[in-house]
Amino acid sequence: MKPAESSKSNLIAPVHRLARPTIRSRMSVLHRRKARQAVMFGLTGASLVLTIGFLALLLGFVARRALPVMSWEFISQMPRRGMTEGGILPAILGTVYLVAGSVSVASILGTATAIYLTEYAQQGPIVKFIRAGVNNLAGVPSVVFGLFGLAVFVKLFGLGVSILSGSLTLAVVILPTIIRSAEEALLAVPKSYREASLALGATKWQTVRYAVLPSAIPGILTGCILAVSRAAGETAPIMLTAATFFTARLPQSMLDEVQALAYHIFALVTEGTHPEAQKPIAFGAAFVLLAIVILLNLSAIIIRAQHGKKE
Amino acid sequence: MILAAAAFSSLAFLAGILVVLFREALPALRQIGFVELITGADWYPTYRPPSFGAAPLIASSIQVTVGAMIVAVPLGLASALFISEAMPARARNIIKPVVELLAGLPSVVYGLFGMELVAPLIMQAFDLPTGLTALSASIVLGIMALPTVTSVAEDALSAVPSACKEASTALGATRWETASKVVMPAASSGIITAVLLGVSRAIGETMAVLMVAGGAIRMPSSFLQPVRPITAAIAAEMGEAPVGSMHYHALFALAVILFLSTLAFNATANALKNKFKAKVE
């Protein structure tokens, strides 16, 4: 009994003796840990402010330099005096033609591809491989697509530097993105929708058309809107396939060269005869392009948010 | 079957990119040789006889990409950590779309911003003859890659199961300890994905470097000199290279190098992302 008792008191005594200092040091450790947390969250928060700040700076800088030239005439008139005055109507129209062309091709092809891959193709290694390939192509630099367009559409198909070549090149640029977002939208449709439709005696196509597509449409649409915004902002792919600095008149056919907003910004600050006088126009064009891109992205965000709420 | 036809034609287009790039690059690879192309120090495509050593271009690409990552990685990861671990859900739901929106701004606008704001500032700060330098290009590319890095890293951090965080909190860890010792390690492969996607975005970016990097063909020796990365060389020289000339084929060979390197980064990033997803689920 004696040895056990002594060992017990040995156990208790040190703990008892240490109890108060331990609590105090624990408190200070806790303070230090809290202080460290405050410092680290402060630093990371400052990074976030800096990140958003850079981009606010970009938007503010462009807006401030653009406002002096912004007017209704700026977006509705032809350029005058060697691109130093007047409007940027041809560039805006050129961008509209290029984007309309590319998105109408890519949205139809891309959605059809996604439907085929998710609904019809036998799921297995081949589809998996294609999916990985498409995913990886979405990250290929756009200048590489530009070279492809130059070699195939401009030279091989003989379409020349034209709206058609540029639209097709841009279509290839946005195709992977459209396929991917459409696939995501289709895969998100619950399996039970398909089973219910098939159980009612609908054919495969009727099931896709009336049960699957309607609930995937908002997702597909969001992908297409983002593709429009991407196509409007791309410069490198159209540099070699469609765009030119100056056209005396508006394009008359699909085989004409065009001015385009994104390329116009680049050309105004790197080419031409009056670099300083062209700068305000470049900022004006950048402002218009930013406005288009941001509005499109916002609408995509809103569609996505509303669709998300419904579920 | 119309659908199948559409699917095959769009896949044929995408596969066609590979075929066309390699076919157009082949004459250059055959005549110059791959090793000479990537190690040769002289890029004089218009001299007689021309010389196609792309090492200065490749080195410049690497230089501005590394520079961009020095800007984008710390800021992007810290921002992502703050968004996912320190912000209330409501603020997060607003800030996340804003960051994603910024990732989609056209690169030519970043180029304009770099030329007119960043470059003059650099010129003044270092008293240089021109502000169009590797440093300016790195800063602009870094700002461009920032939203991508932030957004992808945030996705990874917020995908960490809340059970892990709750367990850590229950053991008495502070939120910062949980974030740095539990969430970050658990999301590490997703964070690497974010960095790799940022690298791939910076290597492949064309307009901003074309406008801001200065365009001088030389082996980079400092961040305060103008350089010409691969993408800028392709964009600047393709307009003047006669179709079918060796210069034309050499530029395609550069595009192949660019394509393969971004593909390597993207494929690794995607593979890591899938691994991460499998782990989380």
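Trainee: In chain A, what share of the contacts between residues at least 6 apart in sequence join residues at least 24 apart?
Mentor: That share is 73%, where contact means heavy atoms within 4.5 Å. Keep in mind that this is a predicted model, where local features need pLDDT of at least 70, side-chain atom pairs count only at pLDDT 80 or more, and totals for chains, interfaces and linings use all residues. Residues are numbered from 1 along each chain as its sequence is written, chains are lettered from A and ligands numbered from 1 in the order in which they are written, and side-chain values use heavy atoms, with hydrogens and water left out.

Trainee: Okay, and how much of chain A is buried?
Mentor: Of its 311 residues, 48% count as buried, meaning under 20% relative accessible area, with exposed over 50% and partly exposed in between (1.4 Å probe, protein chains only).

Trainee: How many residues are in the largest nonpolar core?
Mentor: It has 184; such a core is a set of buried Ala, Val, Leu, Ile, Met, Phe, Trp, Tyr and Cys residues joined through side-chain atoms within 4.5 Å. Among those with the most contacts inside it are Ile88(A), Trp43(B) and Val109(B).

Trainee: What does Val109(B) touch, leaving aside neighbours within four places in sequence?
Mentor: Its contacts are Leu58(A), Val62(A), Ile265(A), Ala286(A), Leu289(A) and Leu290(A).

Trainee: Switching topic, is Val19(B) buried or exposed?
Mentor: Val19(B) counts as exposed, because its relative accessibility is 54%. Val19(B) lies in helix H1 of chain B; helices (H or I, at least four residues) and strands (E, at least two) are DSSP runs, numbered from the N terminus.
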